[in-house]
Amino acid sequence: MLVDLRLDSAGIREVLQGPEVRLLVDGVAASIAARARASLSPGVEVLVRGYTTDRGAASVTVADVRGMAWQARDGTLTRAAGAEGLEIRAWGGR
């Protein structure tokens, strides 16, 4: 049996940029931020910023000059993202 499959690129783009994906991504980012906050000292600010590229996206940032050191030493954000079920890869996706 031969199947003719055609991707609807415009439809896929519409879904990936739509409100349902935005809510899903923002929710996961908020959960990652909450986990990161729980592992840091009280008062350390963790920021979530939602944005859209070719799809809904979000960033989670430890807004403290020591944030990079905590990430390097303890994997603060990596552990928080992993606990949410995200697959962690080296920069560049390899």
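**Arg22 and its helix**

Modeller: The side chain of Arg22 makes a polar contact with the side chain of Thr52, at 3.2 Å. Bear in mind that this is a predicted model. Arg22 sits in helix H2.

Now the helix itself. H2 covers residues 19–39, which makes 21 residues. At 1.5 Å a residue, H2 should span 30 Å. The C-alpha atoms at its ends are 30 Å apart, so expectation and model agree.

Which residues of H2 are buried? Arg22 is one of them, along with Val21, Ala29, Ile32, Ala33 and Ala36. Seen down the axis of H2, these buried residues fall within an arc of 100°, so they line one face of the helix. An α-helix has 3.6 residues a turn, so residues three or four places apart point the same way.

What covers that buried set? The cover includes two helices, H1 (9–16) and H4 (76–83). It also includes two strands, E1 (46–52) and E2 (56–62).

Turn to the face of H2 that points away from its buried side. Exposed residues there are Pro19, Glu20, Leu23, Leu24 and Ala38.

One of the covering elements, H4, has a packing partner of its own. Helix H3 (residues 67–74) packs with H4 at an angle of about 65°, and their axes are 6 Å apart. From H3, Trp70, Gln71 and Asp74 make the contact. From H4 come Thr76, Leu77, Thr78 and Arg79. By class, that contact has 2 nonpolar, 3 polar and 2 charged residues.

Definitions and conventions: Residues numbered from 1 in each chain as written. Predicted model: local features only at pLDDT ≥ 70, side-chain atom pairs only at ≥ 80, totals over all residues. Heavy atoms only, no water. Helix = DSSP H or I, 4+ residues; strand = E, 2+ residues; numbered from the N terminus. Expected span 1.5 Å × (residues − 1). Buried < 20%, exposed > 50% of the residue type's maximum accessible area, 1.4 Å probe, protein only. Arc of directions from axis to C-beta. Contact = heavy atoms within 4.5 Å. Axes fitted to C-alpha atoms, helices over the stretch in contact; angles between N-to-C directions. Nonpolar A, V, L, I, M, F, W, Y, C, P; charged D, E, K, R; others polar. Polar contact = N/O pair within 3.5 Å; in protein donor to acceptor, adjacent residues only side chain to side chain.
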